[in-house]
Amino acid sequence: MTAPTTTAQGTERRRVTVRGTVQGVGFRPFVHRLAGELGLAGHVRNGAAGVVAEVEGAPEAVADFCRALTERPPPLADVQEVTYETVPVVGVAGFVIHSSEGDGPGRTLIPPDTATCEDCLRELADPADRRHRHPFVTCTHCGPRFTISTALPYDRATTTMAVFPLCPACATEYADPADRRFHAQPVACHDCGPRLRLTVPGSRPYEGEVALAEARRLLARGAVLAVKGLGGYHLACDAGDERAVAALRSRKERGGKPFAVMCADLAGAEKLAHIGPEERKVLTSRRRPIVLLRRRGGADGLAEAVCPGSPDVGVMLPYTPLHRLLFGLPGDPPGPRVLVMTSGNRSGEPIVTDDAEALERLTGIADAWLGHDRGIEAPCDDSVVRVRPDGGGEVVLRRSRGHVPEPIALPVPVAPALAVGGDLKNALCLGAGDRAWFSPHIGDMGDLATVRAFERAAGRLRVLTGIEHGLLAADRHPGYHSARWARRAGQAGGLALRLVQHHHAHIASVMAEHGLDGGARVVGVAFDGTGYGDDGAVWGGEVLVGGYAGFHRFAHLRYAPLPGGDAGVANPCRMALARLSAAGLPWDAELPCVATCTAQELRLLEQQLARGTACVPTSSMGRLFDAVSSLAGICHRARYEAQAAIELEAAAVLAWPEETGAYAFAAGLDPGPVLGAIVADLRRGVPVAVIAARFHRGVAAAVADVCRVARRETGARVAALSGGVFANALLDAECAALLAADGFTVLRHRRVPPGDGGLALGQLVVAARTDRSALQERQGGR
């Protein structure tokens with residue numbers, strides 16, 4: 001930044017570059033108005049490096065202009081840096097907005113998609129407004145951004161709106177600096193914008209307002225609709241209709257996994273769940289995520305099949321004009337006020353975005369398709385968050401729509417690198433310097449369609465960030481699809497590859513999120529279901545001491561055999577029997593986990609455990625939760641990931657916080673005494689809810705005990721909690737409370753998921769740190 005200078009006439013001119021999320025948020029119109037207020041001449045444009053302006057006028061006004069860029073930017077902007085240089089005065093009059101330029105490297109950021117603003121909602125409902133009932137009403141302050149962007153800089157020509165020429169009325173608004181739609185790229189109206197189309201098998205397509213009315217009628221009659229949203233299709237049905245919800249669950253082959261619902265308004269959401277001030281704030285935020293809320297007791301109007309066995313219900317509010325219209329405006333025929341809104345895909349596949357693909361892939365699930373002709377460039381599922389009940393703020397459990405592509409600030413600089421995450425809940429992370437960008441949630445890397453979605457997401461990250469990486473980071477698991485892809489890509493492109501241990505990446509992820517520098521050392525508690533261990537075992541109940549550069553495995557849950565790998569995961573009763581066997585406890589016939597198995601299954605499992613056939617040792621805390629869930633008689637066969645643990649938590653909620661007892665682990669995180677105490681409580685007829693609560697408190701107490709020993713032996717006073725098990729609200733809060741009471745600084749995830757959706761951030765900082773350390777070692781040896 002050069003020192004300001006003035007001409008003899010007292011006029012100064014500066015070229016100002018603003019970096020951050022400054023395109024697609026009304027920044028150029030803001031600059032235009034600001035210059036007018038201060039009496040400055042010049043121009044502004046979008047460039048690859050950000051928004052670039054040249055302003056000329058009185059030195060005091062020019063200085064005020066630069067301050068205002070950071071002190072009062074537009075609502076959706078995130079200004080990260082303002083730099084300027086003094087340039088020669090040219091003596092022009094007036095201020096203009098120039099066309100965008102796309103040449104040169106940069107770090108311009110596209111903003112996330114944003115919920116419809118109140119001004120647009122008023123227009124949507126106003127019969128006198130020309131955008132009354134327009135399903136795509138939007139302005140500078142709301143609507144699609146990331147999901148419609150095809151390149152940088154962000155202009156209408158580089159979005160999927162490029163195929164819709166502006167009508168004269170919209171063109172006038174777009175060109176008027178005083179208008180709310182000045183340079184709003186998705187702007188359109190009934191005359192020039194996208195059109196709705198409802199496709200019903202055996203019928204001719206419905207268009208426009210007729211399509212919407214027929215869609216609402218079908219929902220009210222119990223149909224399942226595929227509805228095109230911002231980042232992909234949803235599958236929707238009346239959440240109060242048992243037959244409709246059961247049909248959707250069966251057709252999608254969803255098992256018992258809970259569905260998310262969309263409520264017409266906040267009042268409707270409050271009938272379903274307990275909503276405090278923080279939950280209300282998150283529900284109504286511009287991100288509009290799915291918020292996990294504790295369900296109210298008694299009849300709540302939801303079909304039983306919406307979220308069976310779960311203590312929570314995932315709730316979101318409408319975030320597009322089309323959603324509002326689906327629920328109806330005043331005067332519309334009554335319809336459902338709560339809709340199931342689940343990702344438009346078959347279980348295990350990526351979300352559908354293409355209209356023709358939706359007709360093909362969702363046939364047999366949907367009864368009708370409500371689509372439109374605005375393209376989706378970037379698939380983007382709904383984000384999922386929870387507000388911690390202990391006052392610990394919100395935690396993002398799935399980082400996608402509304403969050404992506406906001407960057408994560410890095411506390412340690414990294415060379416340009418792409419981290420490919422894990423195989424479950426996959427999300428990529430691309431970083432360079434002091435910033436990292438997550439892709440949207442991609443899903444489970446189990447089929448070709450997901451791998452292709454993964455590759456497209458990687459390409460979009462490179463385009464939108466301008467980063468060309470020379471390093472890849474992946475999990476050490478030899479069988480992960482993501483790691484195999486990284487190996488192939490590295491060989492094909494001549495890129496270096498760094499493999500990062502799974503649980504080390506988890507701990508590094510929460511460290512990076514909290515801004516710990518390269519010299520930091522923590523006691524990291526990494527609890528999840530599966531992670532490849534350095535000894536070839538399945539890890540997942542780990543206490544690590546270390547930092548980005550490396551770790552020491554200080555303690556872990558005592559090993560037990562995992563019989564049959566995935567078969568053991570799908571059958572918690574088998575995990576319970578394996579844990580009982582490892583603890584030397586008999587398989588008494590009256591125990592629920594024994595009673596649920598056939599005699600043949602018991603004989604085969606006994607032989608398998610005795611011989612060690614297809615039995616990998618595991619220290620997984622997730623599998624221990626599964627075992628206890630079955631031992632207590634809650635869940636014996638899991639139809640979706642973490643079902644047994646979710647239902648165990650649901651049982652514990654019923655006795656929380658009144659039940660303060662805790663089962664005691666033996667030294668070294670040995671759960672044998674816990675299992676013995678549970679068996680004794682079952683024989684005494686202790687309620688299942690009490691057993692579940694005592695188990696949760698026992699795990700938290702064991703965490704606090706082990707961390708205390710680690711602090712005494714290593715001096716580390718920061719405890720970092722990560723891994724998918726910490727999506728459990730009870731365990732997360734109890735561990736944090738006990739550790740804080742014992743004097744630890746406790747790090748918990750907030751903006752980055754604790755599960756495998758946040759894994760790539762940890763891989764990125766560990767791999768970059770390893771790469772830099774190796775370089776330093778080579779240089780030091782010369």
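These questions and answers walk through a predicted model.

Colleague: Is Phe625 buried or exposed?
Modeller: Phe625 lies in helix α18, residues 621-631. Residues under 20% relative accessible area count as buried. Phe625 has 2% relative accessibility, so Phe625 is buried.

Colleague: Which residues does Phe625 touch, not counting residues up to four places away in sequence?
Modeller: Contact here means heavy atoms within 4.5 Å. With residues up to four places away in sequence left out, Phe625 touches Ala645, Leu648, Phe695, His696, Val699, Val725, Asn728 and Leu731.

Colleague: How are α19 and α21 set relative to each other?
Modeller: Two packed helices are described by the angle between their axes and the distance between the axes. For α19 (residues 643-655) and α21 (residues 688-714), the axes come within 7 Å and cross at roughly 100°. Angles of 65 to 115 degrees count as roughly perpendicular. Therefore α19 is, relative to α21, roughly perpendicular.

Colleague: How many nonpolar residues are in the contact of α19 with α21?
Modeller: From α19 come Leu648, Glu649, Ala651, Ala652, Leu654 and Ala655. From α21 come Val688, Ala689, Val690, Ala692, Ala693, Phe695 and His696. By class, 1 is polar and 1 is charged, and the nonpolar residues number 11.

Colleague: How many charged residues are in the lining of the second largest pocket?
Modeller: The second largest pocket has a volume of about 250 Å³. Its lining includes Lys281, Arg287, Glu394, Glu406, Arg750 and Arg751. Sorted by class, the lining has 3 nonpolar and 2 polar residues, and the charged ones number 6.

Colleague: Which elements each supply at least two residues of that pocket's lining?
Modeller: Lys281 and Val282 are among the lining residues, as are Glu394 and Val396. The elements that each supply at least two residues are α8 (277-283) and β16 (394-398).

Colleague: What is omega for the cis peptide bond that joins Trp656 and Pro657?
Modeller: Most peptide bonds are trans. Pro657 sits in the loop between α19 and α20 (672-684). A cis bond also joins Val404 and Pro405, with omega about 10°. For Trp656 and Pro657, omega is about 5°.

Colleague: Where is Arg288, and is this residue buried or exposed?
Modeller: Arg288 has a positive phi of about 50° although it is not a glycine. Its place is the loop between α8 and β11 (290-294). At 7% relative accessibility, Arg288 counts as buried.

Colleague: What is the phi of His183?
Modeller: Most residues other than glycine have a negative phi. His183 lies in the loop between α4 (168-175) and β6 (196-199). Its phi is positive, near 55°.

Note on methods. Residues are numbered from 1 along each chain as its sequence is written. This is a predicted model: local features need pLDDT of at least 70, side-chain atom pairs count only at pLDDT 80 or more; totals for chains, interfaces and linings use all residues. Side-chain values use heavy atoms; hydrogens and water are left out. Helices (H or I, at least four residues) and strands (E, at least two) are DSSP runs, numbered from the N terminus. Buried means under 20% relative accessible area, exposed over 50%, partly exposed in between (1.4 Å probe, protein chains only). Axes are lines fitted to C-alpha atoms, for helices over the stretch in contact, and angles run from 0 to 180 degrees between N-to-C directions. Angles under 35 degrees count as roughly parallel, over 145 as roughly antiparallel, 65 to 115 as roughly perpendicular and the rest as oblique. Ala, Val, Leu, Ile, Met, Phe, Trp, Tyr, Cys and Pro count as nonpolar, Asp, Glu, Lys and Arg as charged, and the others, Gly among them, as polar. On a 1 Å grid over the protein atoms alone, a cavity is a set of points where a 1.4 Å probe fits but cannot get out, and a pocket is an open set with protein on both sides within 12 Å along at least five of seven lines; lining residues have an atom within 4 Å of a point. Grid points are joined across faces, edges and corners, and a volume is the space filled by probe spheres set on the points.
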